[in-house]
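Hello,

Here is the structure I promised to pass on to you. My notes on it follow below.

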Amino acid sequence: MLYRETGQFKTSYKADMAVFPIRQDRIGLAVILLLAFVATPLFGSAFLLSAVMIPLLVFALAALGLNLLTGYTGQLSLGTAGFMGVGAYACYKLTTFFPEVNLIVWILASGFFSAAVGVLFGLPSLRIKGFYLAVATLAAQFFLQWCFIRIPWLYNNNVSGAIEAPVRTLFGMPITGPHATPELRYLVVLSIVALLTWIASNLVHGRVGRSWMAVRDMDIAAELMGIRLLPTKLLAFAVSSFYCGVAGALMVFLWYGSAEPEVFSISQSFLILFMVIIGGLGSLIGSFFGAALIYGLPIVLKSLFPMLGLSVGAATIEHITFMVVGAMIIGFLIVEPHGLASIWRTIKQKLRVWPFPY
Amino acid sequence: MLYNIFIDPFVQMAGAPDLLVQALWDGLVSGVLYALIALGFVLIFKASGVFNFAQGIMVVFAALTLVGLYEKGVPAYVALALTLVVMFLLAVAVERVVLRPLVNQPDIILFMATFGLTYFLIGFGELVFGGNPKAMITAQLGLPRGVIDVEMLGGRVSFQKIDIAAAVIASIMVAALAVFFQKTRIGRALRAVADSHKAALSVGISLNQIWVIVWFAAGVVALAAGIMWGARSEVSFALEIVALKALPVLVLGGFTSVPGAIVGGLIIGVGEKLGEFYWGPLVGGGIETWLAYFIALAFLLFRPQGLFGEKIIERI
């Protein structure tokens with residue numbers, strides 16, 4: 001009843017092609033943004049902000065980046081964590097070289113470094129396809145991680161071999177380091193993620209996104225239709241790596257505070273791939289759903305056992321979490337191979353025509 | 001710099017041939033193990049078109065089951081038989097729970113499902129057998145141990161007996177698989193399924209049975225790889241990362257080719273060891289982690305379908 005588009009007439013092509021053609025969707029988005037920007041920092045506890053919301057947003061951004069590449073352009077990548085690492089290390093180098101420039105600028109700029117690396121490793125994609133391409137991105141993953149360990153210049157010759165976020169301020173208030181409040185960090189992360197999501201939405205709804213999807217659906221056909229494959233694929237690699245790089249920089253600077261090369265290991269790449277697939281390939285909102293599920297599920301499971309009054313060891317919980325996550329991935333794929341985004345679409349469609357079945 | 005890259009390593013090779021032989025042998029041995037893991041992948045990919053990411057964890061799981069059963073007091077050979085039973089049950093379970101409901105889904109979905117399987121097996125294995133590394137029961141299984149030192153080329157080259165055994169067992173296994181594929185009724189059915197699921201179904205081949213059989217065969221190969229690998233180091237979940245090396249091997253050999261898996265494994269193994277030994281010091285060592293992928297990538301640029309893969313024909 002609430003979700004009914006009766007009486008909403010589209011009087012121009014522009015209105016017809018809008019990203020949110022239904023008024024209730026626009027209101028819903030405004031409410032979500034309001035909740036995220038105002039209510040959460042006002043009423044959320046420090047734990048909720050720094051241990052749930054910030055990681056969730058960071059993962060969602062990385063998943064979004066991978067989704068642009070894998071979901072929209074159809075190029076399987078297993079090197080996400082490597083590209084995230086490039087962003088993090090680039091941001092670290094930049095902010096230690098030029099401490100006077102605002103950190104936000106460097107976080108966004110570090111994305112370009114990661115984009116350049118992404119283009120480099122995307123070059124084989126013109127000749128190699130599918131699972132074969134996964135090897136090229138695995139090469140990126142392992143090579144980049146090796147660089148983070150073996151090139152001391154990248155971590156300023158630290159003895160520990162880790163990078164640590166130096167204290168940086170925004171409007172006179174610290175946003176990194178031990179004195180930064182969770183609220184401020186959360187708002188910075190949220191603003192960047194919201195901005196980049198908006199840009200991504202415009203990208204995939206425009207000419208660029210359509211050519212990506214054409215390449216995904218059948219690249220030879222796309223080529224015959226006049227889409228130049230190399231620039232299109234490389235652009236996808238660049239944009240995707242940009243997003244992953246920014247996510248990596250956010251992860252180190254606004255979430256962890258410091259990071260070792262192990263943070264950007266292959267298992268992190270797989271985790272983000274899970275998020276994309278569980279959330280839904282080729283869906284922006286799916287990236288958020290996937291990140292919420294894959295990141296949130298272990299947290300919920302860990303708190304579930306004490307709540308049920310079962311006393312089991314921490315290690316056992318860890319193992320059971322693994323099993324449950326694995327089983328859930330299989331279960332989800334069987335029930336809905338197109339991910340949570342598809343469930344979301346189904347729910348919306350059902351609501352629109354309710355009480356009729358179609 | 002150029003001298004260091006292009007000339008010096010070869011001078012070193014010519015100067016100390018015994019070291020070269022040793023490096024080659026080490027490379028061949030790890031190549032055999034990569035090939036064994038890749039073989040499991042190829043079996044499953046050929047028959048069901050599933051890119052089985054869980055093969056690596058199946059290796060760990062099989063080895064863990066074997067050692068775990070032995071530690072519970074089961075005699076070694078009985079434990080081996082029981083492990084085979086467990087692998088068979090795993091194959092049946094995978095077919096029932098994962099493959100059958102997901103039939104005819106896109107490749108990437110099946111690939112993700114095997115990811116889920118990987119997670120499940122990691123959790124399950126750690127829950128049942130604990131996460132600590134275990135020593136493989138090499139002696140109890142009657143596998144040879146010790147080292148043979150051979151004086152040759154003005155130096156001493158040492159061969160681990162277990163490595164020789166691994167090479168022999170791997171060759172026997174490949175030969176057995178080749179005979180199985182070429183000569184038996186089930187083998188023919190497997191090849192038919194590999195060619196076309198629909199055509200195979202229409203002549204009365206049960207896809208479900210075939211899947212159980214290939215997954216079981218892959219499980220047996222995994223057990224062999226697990227025993228060999230465990231004997232060289234120890235049985236632990238760290239092996240899973242090493243198993244990722246099977247990917248470049250597969251890519252190099254082509255996903256559908258058994259000989260490809262063997263040759264690819266040997267090329268990767270040797271290339272990796274030689275690269276680490278002669279060129280690694282130039283950049284600070286540790287290049288073994290990524291060199292394999294770059295070797296595979298270099299081959300791919302010239303043959304996108306791998307050395308022995310079927311030619312990819314694209315049509316609109």
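Between chain B and chain A, 1 residue pair is in polar contact, with both residues at pLDDT 80 or more (a pair of N or O atoms within 3.5 Å, one able to donate a hydrogen and the other to accept it; residues adjacent in sequence count only if both atoms are side-chain atoms). On the side of chain B that touches chain A, two or more residues each come from α4 (76-99), α5 (107-129), α11 (246-253) and α13 (288-302) of chain B (helices are DSSP runs of H or I, at least four residues, numbered from the N terminus). The largest share, 16 residues, belongs to α5(B). By class, this side of chain B has 36 nonpolar, 10 polar and 4 charged residues (Asp, Glu, Lys and Arg are charged; Ala, Val, Leu, Ile, Met, Phe, Trp, Tyr, Cys and Pro nonpolar; the others, Gly among them, polar).

The contact involves 50 residues from chain B and 42 residues from chain A (heavy atoms within 4.5 Å).

Please keep in mind that this is a predicted model, where local features need pLDDT of at least 70, side-chain atom pairs count only at pLDDT 80 or more, and totals for chains, interfaces and linings use all residues. Residues are numbered from 1 along each chain as its sequence is written, chains are lettered from A and ligands numbered from 1 in the order in which they are written, and side-chain values use heavy atoms, leaving out hydrogens and water.

Best wishes
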